[in-house]
Amino acid sequence: MCSSDLINYAPGGPADVEGRVVSRHLGKHIKGNPSVVIRNMPGAGGVVGANWLGTVAPADGMTLGFLTGITSKAAMGDPNFKVDMSKLAFIAAVSGLTITFARTDIPPGLKRPEDILKARDFWVGGLTADSDKDVRQRMELEMLGVTHKYISGYGNTADARLAMERNEIQFYAESSPSYRSIVEPGLVAQGRALPVWVGSMETPNGLVRHPDAEGIDAPTYEELLIRTKGEPPKGSMIYEAYRRTSATGTNFLRLYMMPPGAPKDAIDAVRDGLVAMSKDPEFREDAQKLMNVVPQVTVGPETEKAFRERLTANPEFIAFMRDYISKGHALSGAK
């Protein structure tokens, strides 16, 4: 049974930390108690690992992919994909909160989230122009009417965070594990940065504040947008594209997948193992200790249906996103 856990990002980042916490506990909840060996396969914003899982990994139930940031890229029609993501065996999803934060010394100075509208002469840091995190940051600032400069190409979140520490960039976003465990007790506690907004989740009843945002003194992006602009720019393509990208990147930030054709008994065993692990006090204590958050694993036919709907081609959305990403490539560059 699943003895290899593929992580599509480099060691040390939030995806890797979360994947390793899971690997320490998942095996004991799967029949036979297999040991789980981590294999990192970074590249192309996570696409290299996804391609390997879908085209090279054996479909014998022994390889589990823990993939981050892939659903949004697939939905955007990323040309780097060599695999049809809809063909991979869906196991489970993990929603993820993104917290956007800024240095407080951005001119003329930030004391509260609304002050970002007065900010000038600052750099937004990113990983790649086609990552959903980069795209969202650009869209969010554009809809707020905030002038900024954008630079991508940081190898991973740790590199971008170091750039933030050095004041090479002044605006960035991280998922809750690394924000809670590193940024919050560091830059924020020192008064050198503050959270300007947090992510929302799409639900059948509309947008709700992500549960992992409890205790973070910042509005959701939508709340800040309404508070400062009156209402979202409904009907505009940028807002519709933002909502779609944000919902995809939040509700399906991380995925558990197996290669196409994986045995049903292996799929079921891992699903059952993830559900049991999520209730395990030792796992929850370990996750809380290392990340200050416990991953919320979602399984079931409704989750899988929603995931596959996100992959359904939307030509207008894909055309808009490819153009927007192309503009991001043009904007980004070394200082």
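**Ground rules**

I am looking at a predicted model, where local features need pLDDT of at least 70, side-chain atom pairs count only at pLDDT 80 or more, and totals for chains, interfaces and linings use all residues. Residues are numbered from 1 along each chain as its sequence is written, and side-chain values use heavy atoms, with hydrogens and water left out.

**Overall build**

I got 12 helices and 13 strands for the protein chain. Next I looked up the radius of gyration, taken over C-alpha atoms; the globule rule is 2.2 Å times the number of residues to the power 0.38. For 335 residues that rule puts a compact globule near 20 Å, and the protein chain agrees, with 19 Å. The C-alpha trace spans about 60 × 45 × 40 Å along its principal axes.

For burial I used these cut-offs: buried is under 20% relative accessible area, exposed is over 50%, and partly exposed is in between (1.4 Å probe, protein chains only). Of the 335 residues, 57% count as buried.

I took contact to mean heavy atoms within 4.5 Å. Among contacts between residues at least 6 apart in sequence, 78% join residues at least 24 apart.

**Charges**

Lys and Arg count as positive and Asp and Glu as negative, while His and the chain ends are not counted. I placed each charge at NZ of Lys, CZ of Arg, CG of Asp or CD of Glu. The mean positions of the 39 positive and 40 negative charges are 2 Å apart.

**Cores**

A nonpolar core here is a set of buried Ala, Val, Leu, Ile, Met, Phe, Trp, Tyr and Cys residues joined through side-chain atoms within 4.5 Å. The largest one has 34 residues, and Ile116, Phe122, Met139, Phe171 and Trp197 have the most contacts inside it. I listed the elements that give two or more residues to this core: α4 (132–144), β9 (193–198), α7 (221–229), α8 (237–251) and α12 (315–331). The largest share, six residues, comes from α12. Apart from this core I found another, of 27 residues, among them Ala92, Tyr256, Ile267 and Val270.

I then checked the neighbours of Ile116. Not counting residues up to four places away in sequence, Ile116 touches Ala102, Leu110, Phe122, Leu141, Val146, Phe171, Trp197 and Leu224.

**Leu110 and its loop**

Leu110 was on that list, and I found it in the loop between β5 (98–103) and β6 (123–125). Is Leu110 buried or exposed? Leu110 is buried, with a relative accessible area of 4%. Leaving out residues up to four places away, Leu110 touches Ala102, Arg103, Thr104, Asp115, Ile116, Ala119, Leu194 and Val196. Leu194 is 84 residues from Leu110 in sequence, and the two are 8.0 Å apart in space, C-alpha to C-alpha.

Pro108 is also in the loop between β5 and β6. The peptide bond from Pro107 to Pro108 is cis, with omega near 0 degrees.

**Helix α2**

I looked at α2 (residues 47–55) and found it mostly covered, with seven of its nine residues buried. Those are Val47, Gly49, Ala50, Asn51, Trp52, Leu53 and Gly54. They pack against β1 (4–7), β2 (37–40), β3 (63–68), α3 (70–75) and β12 (254–258).

**Loops and positive phi**

Ala44 is in the loop between β2 and α2. Its phi is near 55 degrees, a positive value in a residue other than glycine, and Ala44 is partly exposed at 39% relative accessible area.

Asn167 is in the loop between α5 (157–165) and β8 (171–175). Phi of Asn167 is near 65 degrees, a positive value in a residue other than glycine. Asn167 is partly exposed, with a relative accessible area of 34%.

Back at Gly300, I noted 26% relative accessibility, which counts as partly exposed. Its C-alpha is separated by 18 Å from that of Gly65, 235 residues apart along the chain.

Gly235 is in the loop between α7 and α8. At 69% relative accessibility, Gly235 counts as exposed. The C-alpha atoms of Gly235 and Pro301, 66 residues apart along the chain, are separated by 31 Å.

Notes
Helices (H or I, at least four residues) and strands (E, at least two) are DSSP runs, numbered from the N terminus.
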